[in-house]
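This report looks at a ligand site and at aromatic pairs. Start with the sequence and the structure.

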Amino acid sequence: MTDSNVDRSTFEVLSLGQQQQYYSENGFVLLPAVVSPEQMARIAAEVGGSQRYDFAERWPGPALEGLICNPRLLGLVRRCYGEDLRFFKAVYAEWLYPDEATLRMGRQGLHRDYMPDPEDGDFRNSCVSWCNVGHYLIDLEADEGPLWVVPGSHRLAWTGERSLEQCAGDARRVLAKAGDAVVFHNRTVHAGGVMRSGRPRPSAFLSYRPAWAAPLGRVPEWPTPVVDRASPPLRALLAGQNDGLRIDAWGLVQDQQE
Ligand SMILES: O=C(O)CCC(=O)C(=O)O
């Protein structure tokens, strides 16, 4: 079913303004080749042996860290969300062992990453406005780990539902290539696809929010040594993780707790 693929060549010719327009209409946009083959080789060497880690548990080495301030990526995120951003979360994952249900379906369940009421008390995904950026370090193929997205689903009403399989008929595959980044809105319905071959699927998901959109509950700051030794542009993204206004899923401003 090739017609369920989003055509990657669409993204190769977009100007920054057109990327912003595509993002605002569809809730995602692919940025082709933001990571060079050399940087990818450095990332591979740096993560050798790791299958998954959250940057909050283990700050990455310089190659993965370099993605955070990637100029093409930040250019688009700033164009969409404003100059003053916070970088609040990232996970490196090879996603080697999908569970039974995921294997059967060929992908994760369709979901949104926005999480205003986290059951586990991790409020990082609770900001009313933010985006996730998937960096794929291998070529995704139709039957090997495609990213599924539902174009325009960021504009669907918020219902709080965790499972969004009712959108499956509108889901399309994004076949990102190694080095591409896919930016998606916190309410865009999506799912990662299974690698049927069982090969690793190295990827890094980096999350940014506008400074005004605070998490709804307190989140940890990045470790002081990491912030202190960061370059000034990176430090500006890292400091002040609890800054901003707490705004709920319906746009209501919440009590600003300490
Ligand atoms: O790996 C992917 O392409 C998407 C992953 C994802 O959506 C998730 O883990 O929540």
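## The pocket

A pocket is an open set of grid points, taken over the protein atoms alone, with protein on both sides within 12 Å along at least five of seven lines. The model shown here is predicted. Its largest pocket is the space taken by the ligand.

## The ligand shell

Which residues are around the ligand? They are Gln108, His111, Asp113, Tyr136, Leu147, His190, Gly192, Arg201 and Phe205. Sorted by class, this shell has four polar, three nonpolar and two charged residues.

## Polar contacts and cover

Three of these side chains deserve a look at atom level. Tyr136 places a polar side-chain atom 2.6 Å from an oxygen atom of the ligand. For Arg201, the distance from a polar side-chain atom to a ligand oxygen is 2.7 Å. For His190, it is 2.9 Å. On its own, the ligand has 290 Å² of accessible area, and the protein covers 78% of that.

## Aromatic pairs

The structure holds 15 aromatic pairs. One of them joins Phe87 and Trp222. Their rings are stacked, at 5.4 Å centre to centre and 5 degrees between the planes. Stacked here means planes under 30 degrees apart.

What does this pair tie together? Phe87 lies in strand E4 (residues 85–93), while Trp222 lies in the loop between strand E11 (213–214) and helix H7 (224–229), so the pair links parts that are 135 residues apart in sequence.

Terms used
Residues are numbered from 1 along each chain as its sequence is written. This is a predicted model: local features need pLDDT of at least 70, side-chain atom pairs count only at pLDDT 80 or more; totals for chains, interfaces and linings use all residues. Side-chain values use heavy atoms; hydrogens and water are left out. A residue is near a molecule or strand if one of its heavy atoms lies within 4 Å of it. A polar contact is a pair of N or O atoms within 3.5 Å; within protein, one must be able to donate a hydrogen and the other to accept it, and residues adjacent in sequence count only if both atoms are side-chain atoms. Accessible areas come from the Shrake-Rupley method with a 1.4 Å probe; for residues, only the protein chains shown count as cover. On a 1 Å grid over the protein atoms alone, a cavity is a set of points where a 1.4 Å probe fits but cannot get out, and a pocket is an open set with protein on both sides within 12 Å along at least five of seven lines; lining residues have an atom within 4 Å of a point. A molecule sits in a cavity or pocket if more than half of its atoms lie within 2 Å of its grid points. Ala, Val, Leu, Ile, Met, Phe, Trp, Tyr, Cys and Pro count as nonpolar, Asp, Glu, Lys and Arg as charged, and the others, Gly among them, as polar. Rings of Phe, Tyr and Trp (its six-membered ring) pair if their centres lie within 6.5 Å; planes under 30 degrees apart count as stacked, over 60 as edge-to-face and the rest as tilted. Helices (H or I, at least four residues) and strands (E, at least two) are DSSP runs, numbered from the N terminus.
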